[in-house]
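Biologist: Could you take me through this model and tell me what stands behind each term you use?

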Amino acid sequence: MSRITALLLALTLLPALPARAGEVAALLRKADAFRLAEGNLSVETQLETFKSGVLDKDRRYLVYVKPGRRSLVLSRSAVEKGQKILMLEDDFWMVLPSSQRPIRITPAQKLLGDAAAGDVATMAWADDYGGEVAGTDEVGGVPCQRLALRARRKGVTYQRIELWLARADAHPVQADLYVASDKLAKRATFALERVEGRLQVSTMTLVDQIQANRSTVIRYLARHPRTVPEEFFNPMFLVRNEPREQP
């Protein structure tokens with residue numbers, strides 16, 4: 001093949017690239033819709049951590065989610081009473097009851113049971129990842145499309161994700177989660193339930209791929225439309241005040 005022919009062939013392929021990226025973005029938006037509703041909401045969340053199949057910790061959280069990658073995680077367990085985690089786009093803070101100032105943290109820090117802060121505070125993929133459809137597989141008897149995703153921003157827990165979405169409706173089935181060193185850190189699986197006539201992810205199970213026989217089950221107990229005051233998303237406000245749950 002001559003160099004000119006090869007160049008012409010390459011140029012004919014260029015228009016297909018944006019469509020491919022658009023296809024992945026559309027699939028991720030569909031997958032995200034199974035995990036959270038659009039707009040402002042609160043999510044009652046339970047975390048259970050297991051060692052060798054035995055329950056080790058049980059924690060409860062209330063998570064406020066706002067558009068623009070903003071989340072506030074409030075501890076509702078006596079052992080972590082008063083702890084808060086705030087996410088503002090790529091920035092994460094932790095506020096302890098005895099803190100005089102908010103503490104900057106990374107989304108990968110394990111602060112909530114054995115789950116990373118970002119596992120609880122972030123619930124969307126479409127804003128954070130891009131990639132390509134890398135193939136088709138069957139996972140647990142479900143025909144899936146496999147997406148190879150890479151982070152598009154710094155403030156994410158995992159730099160790379162291999163994500164399997166059901167071919168029928170793009171609901172999430174499994175995700176392999178890789179940290180910055182490109183080591184496989186966790187494998188996530190998703191269970192769905194019908195809530196008010198709509199299929200939603202009810203449980204995410206994270207199996208640790210680094211520490212043997214450790215897993216975390218995140219249960220989304222309830223989701224409610226909520227609009228919370230803007231001051232709840234100010235780190236210094238959280239140091240001085242205990243946010244009250246919104247009706």
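Modeller: Let me start with contact, which means heavy atoms within 4.5 Å. This is a predicted model, where local features need pLDDT of at least 70, side-chain atom pairs count only at pLDDT 80 or more, and totals for chains, interfaces and linings use all residues. Residues are numbered from 1 along each chain as its sequence is written, and side-chain values use heavy atoms, with hydrogens and water left out.

Biologist: Leaving aside neighbours within four places in sequence, what is Leu149 in contact with?

Modeller: Its partners include Val24, Leu28, Tyr129, Ile161 and Leu163.

Biologist: What makes a set of residues a nonpolar core?

Modeller: The members must be buried Ala, Val, Leu, Ile, Met, Phe, Trp, Tyr or Cys, joined through side-chain atoms within 4.5 Å; buried means under 20% relative accessible area with a 1.4 Å probe, protein chains only. By that rule, the largest core has 45 residues, and Leu149 is among those with the most contacts inside it, as are Leu28 and Trp125. A second, separate core has 13 residues, including Leu74 and Phe237.

Biologist: Why is a space called a cavity?

Modeller: Because on a 1 Å grid over the protein atoms alone, a 1.4 Å probe fits at its points but cannot get out. The largest cavity holds about 200 Å³, the volume being the space filled by probe spheres set on points joined across faces, edges and corners.

Biologist: Which residues lie closest to its centre?

Modeller: Lining residues have an atom within 4 Å of a point. Of the 20 here, Arg35, Gly118, Thr122, Trp125 and Tyr158 are the closest to the centre.

How values were computed:
Buried < 20%, exposed > 50% of the residue type's maximum accessible area, 1.4 Å probe, protein only. 1 Å grid on protein atoms, 1.4 Å probe; cavity = no way out; pocket = protein on both sides within 12 Å on 5 of 7 lines; lining within 4 Å.
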